[in-house]
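I am keeping these notes while I go through one structure. I look things up one at a time and write down what I find.

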Amino acid sequence: MYTLIYAVCFYTSSLLLTTPFLRHFQYHEARFLSLLTLSAISFLAGFLIPFKISFYLAFLAFMALSLYVIYRSDVKVENSEMVFAAVFAFFIFLRFLDPDILDAEKFMDSAFMNAVLRANSFPPNDPFLSGYKLDFYYYFGHLIGACITLLSFAPPEVGYNVAIAALPAYTSLIIYGMLRNRGFKTALFGVFLTVFSGNLYSFVDFFNRLFSGLPVDGGYYWNCTRVIDNTINEFPYFSFIHADLHAHVVAIPIIALVFALMAREEESRFSYAALILSLFTLFATNSWHYPLAFLAALLAGIARRDRWLISSAFLSAVPASLLFLHMNTPAAEFSVIDERSDVLQFVLYAFTPIAASYVFTGRKHVLYFLPLSAPLYFLSPVLALLAPLIAASAIGIYKKDFYSAILLSGLLAFTLPEFVAVESRMNTVFKFYIYAWPAVMISAAANIEWSKWKKLAFIALLIIGIVYPLVATPVRYGIADMTLDGMSFMKAYDGDYYAVKWLQSRDGVVMEEGCTQGALCAYHYGGRVAAFTGNPAVIAWTNHEYVWRRNYSLVAERAKDVREFYSTDSCEKMREIAGKYGVKYIFFGYEEKRLFSPDVRKFERCFEKVFEKDGTYIFATKNLS
């Protein structure tokens, strides 16, 4: 129960952090922009000094400025803060029920966040490949998670869950504030459509299971994100309750902030600077989304005849290009594809945003383009479905409607994976669709007219969308651990929990079984030491390291050496392998015993034992006494 204190600490410190920004920004912008600015300063300074030092220096400066502003002026918390507080409390409650940082990509996200927290300079060490750097991946999203962790004064395994709850809260507040001037109902509808709505597949699947006697289980919760064959089709609510602190999830509130800064009525040099910062941090968080947001900002500038907005979009490309040149991305290969999405599968995923767009943003001239879209079916069924909206949004830009720019960027995000791919079609669909959902939903909500028949359409979309959160949430969170400690599940694995806690305060390369027994072991328990300490393993998550680095021999050699290390009885051979990779600590716990069944006595014979509890041991390669 005590871990909830950390959530309160984050809420309080993040609220104080907002104060200096209220002079130049609207409340919903300032709330998240303050965190983004703190993260960006810590990031840039982190190339020169250790990350934690850079963070605390910036944090103390902001706190001093906040207290000064509060002392000198009448600072008020707006009523819209209730949106942030309510959504944050809801997701904190969910993570309090099931806090486990386990399965899917959570080990990776925890490892990267811990690597950032440990970094003496950027880029951080690769926690899954000792001796290498995290320069192949856009890790800024994990840096934001690290900043939230430090703002909450929590250990990383708790801060991870605070960050997961903060992301939908920031997203909801930005959307609410962005749409509030169009009416209270419109703003709430926009938040629901974007953040809390499920897709049509989840609606159909629920009633299919109900009437056919099939259980509403984990398959129901999961299947609605695998609708289009051989692709991943997440939407924000799934991503938020799934709770991977992954790049595409952290990018969602940044996308919303970019849209909000484009839509603000008051123009100032501060808003343009904030847009440049937001676009750059979007690139650094999830590079897939940057070209789409860049295009949205460019088109919005054209729609508003705002040359400074256009210039801001281009200026953001300067730091983005510098960062890209600093990265090593062999996996980022561009290709033209001939595979097309099944139109029924696409509709089952995208019906809610597309229907909302046709109903609420559609004008009479949309109907004029329907006959023209028919021939496009043979080129791409998805393009044929979206073509009238694409044409209508282009006309909207010409008529100075900047929300049409947001809509067009979202529609293109749905369309482009029909023709091109970066790395793979699976990942391109995955990353582009998670951008398209908020882009299309927000632009649709901004154009709501509450006429009688459109109210009926709203009710229909509400019914379709609300089924998934009502049904999938208790399926996903069906236990009650009543803690925010994301490592608590490890207490069932001998003494691994306490051994990892011991290592969190120590530095050095670790020998562990990090997933050398096949591709899928990475999604279970392999690599847990690197994940929760940030100390680099000799090798972990072998399948991912191969995809990232495209170097099979490097990964295979290390996996072979780890297997040999735990299998051999020769002290000489173990010392040779440990010396090869500069290993400082040897972890001998649940996973090592399960896979190799080694006798602990051989480690006691060859190395110094520095930790022992409940059947888990840590040995040092050198005498640490």
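How many bridges join strand β4 to strand β6, and do they run parallel or antiparallel? I counted 4 bridges between β4 (residues 583–588) and β6 (residues 616–620), and the two strands run antiparallel.

Notes on the source. The model is predicted, with local features needing pLDDT of at least 70 and side-chain atom pairs counting only at pLDDT 80 or more, while totals for chains, interfaces and linings use all residues. Residues are numbered from 1 along each chain as its sequence is written, and side-chain values use heavy atoms, with hydrogens and water left out.

Entry on the sheet. I took helices (H or I, at least four residues) and strands (E, at least two) as DSSP runs, numbered from the N terminus. Two strands count as paired if DSSP finds at least two bridges between them. Strands of a sheet pair through backbone hydrogen bonds, either parallel or antiparallel. I found an open sheet of 4 strands in the order β3-β4-β6-β5, with mixed pairing. β3 (509–511) and β5 (608–613) stand at the edges with a single partner strand each, so one side of each has no neighbour in the sheet. Neighbouring strands are turned by 25° against each other on average, direction ignored; the axes are lines fitted to C-alpha atoms, and angles run from 0 to 180 degrees between N-to-C directions.

Entry on β4. I looked up its partners next. Phe588 stands opposite Tyr617 in β6, and Ile586 has Phe619 in β6 as its bridge partner. β3 and β4 run parallel and are joined by 3 bridges; Val510 stands opposite Tyr585 in β4. Of the 6 residues of β4, 5 are buried (buried is under 20% relative accessible area, exposed over 50%, partly exposed in between, with a 1.4 Å probe and protein chains only).

Entry on α4. Does the span of helix α4 (residues 81–97) agree or disagree with 1.5 Å a residue? The 17 residues should span 24 Å, and the end C-alpha atoms are 24 Å apart, which agrees; the expected span is 1.5 Å times one less than the number of residues. The buried residues of α4 include Phe84, Phe88 and Phe91. The buried residues of α4 pack against several helices, among them α1 (4–18), α2 (27–45) and α22 (452–476).

Entry on Lys400. I placed Lys400 in the loop between α19 (381–398) and α20 (402–415). Lys400 is exposed, with a relative accessible area of 53%. Lys400 touches Ala303 and Arg305, not counting residues up to four places away in sequence (contact means heavy atoms within 4.5 Å). Lys400 and Ala300 are 100 residues apart in sequence and 8.4 Å apart in space, C-alpha to C-alpha.
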